[in-house]
Amino acid sequence: MRVEEVGGLRIATFGNGPRVIIAVHGITASLMAWGAVGRRLPEGWSLVAMDLRGRGHSASLPGPYGLPRHAEDVLRVAGHVGAGPDAVLTGHSMGAYVAALAAAQRDWARVVLVDGGIPFPRLPEGVDPDVALQATLGPALARLRQTYPSAQAYVDFFKSHPAFTGHWNDDVEAYVRYDLTGPEGALRSRVVGEAVLQDGRWLNTEQDRAGAALEAITSPLLLLRAPRGLLNQDVGLLPDDLTAPWAARLPGLREEMIPDCNHYTIMFDDRCVRTVVERLTADRPST
């Protein structure tokens with residue numbers, strides 16, 4: 001993994017091949033969400049992941065936040081590394097929505113949305129977007145408000161997360177430890193809480209803009225879904241009744257359910273990751 005900064009954004013490059021993948025992480029994540037994928041790239045490929053502003057080692061970059069701002073940053077990074085029309089764009093979770101906004105603005109060899117990118121249902125009238133975000137993210141938001149006496153305590157917090165029970169590995173641990181900052185005895189996540197709130201409000205209120213971005217994408221488009229959710233519940237983040245209308249609406253959209261994954265393990269479990277890598281680097285997206 002080679003690390004550099006682009007206008008205050010931390011970026012990391014995995015692999016050294018001429019074919020480039022630009023990868024975007026989720027709402028409380030970091031570039032290390034792509035570490036397992038980056039380590040498994042075939043020869044001839046490289047993956048460039050970034051810490052979005054307000055996260056990881058880009059946490060000090062100022063707002064305003066919001067997904068259009070992140071899409072601008074993604075395109076800036078793509079330009080910096082010389083990612084041309086033969087490059088692949090991908091995003092996981094919130095990063096998939098960011099990727100869709102960026103993909104609507106230029107051509108890519110293909111765009112791969114990993115368990116995200118499909119607009120959420122509109123909130124019922126009178127429901128506060130911040131309350132809705134709390135209901136969705138729960139433990140992810142809780143950790144941003146806490147301090148931890150040691151790195152191991154932070155690791156243990158993640159080990160108790162339902163999505164990682166029975167699925168812990170070195171890639172998950174590297175992802176967790178990368179997120180820590182602060183003095184020993186009062187360690188905390190690098191994620192800026194206000195960035196998460198602003199981005200969550202966008203997701204819960206700008207469904208029309210998210211949908212318009214999908215409709216504007218001219219590159220081959222693939223959606224990879226996990227059948228299980230953020231807390232390993234039986235219903236995934238993108239259930240059939242949410243994705244089916246978009247599959248009918250977008251004739252260029254292909255979709256695939258990767259079995260036995262949840263919203264997180266699709267990025268970390270070896271079998272799931274190998275499928276993601278194959279779809280990112282295949283000559284043609286899976287049908």
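1. Accessible areas here come from the Shrake-Rupley method with a 1.4 Å probe, and for residues only the protein chains shown count as cover. On that basis the protein chain exposes about 11,600 Å². Carbon and sulfur atoms supply 51% of it.

2. A word on the source. This is a predicted model: local features need pLDDT of at least 70, side-chain atom pairs count only at pLDDT 80 or more, and totals for chains, interfaces and linings use all residues. Residues are numbered from 1 along each chain as its sequence is written, and side-chain values use heavy atoms, with hydrogens and water left out.

3. The protein chain has eleven helices and ten strands. These are DSSP runs, numbered from the N terminus: helices are H or I of at least four residues, strands E of at least two. The radius of gyration is 17 Å, close to the 19 Å of the globule rule for 287 residues, so the chain is as compact as a globular protein of that length. The radius is taken over C-alpha atoms; the rule is 2.2 Å times the number of residues to the power 0.38.

4. Of the 287 residues, 56% count as buried (under 20% relative accessible area; exposed is over 50%, partly exposed in between; 1.4 Å probe, protein chains only).

5. There is one disulfide, a pair of cysteine sulfur atoms within 2.5 Å. C261 and C272 form it, with sulfur atoms 2.2 Å apart. C261 lies in the loop between β10 (253-257) and α11 (270-281) and C272 in helix α11, so the pair ties together parts eleven residues apart in sequence. Both C261 and C272 are buried. The link is left-handed, with -110° about the S-S bond.
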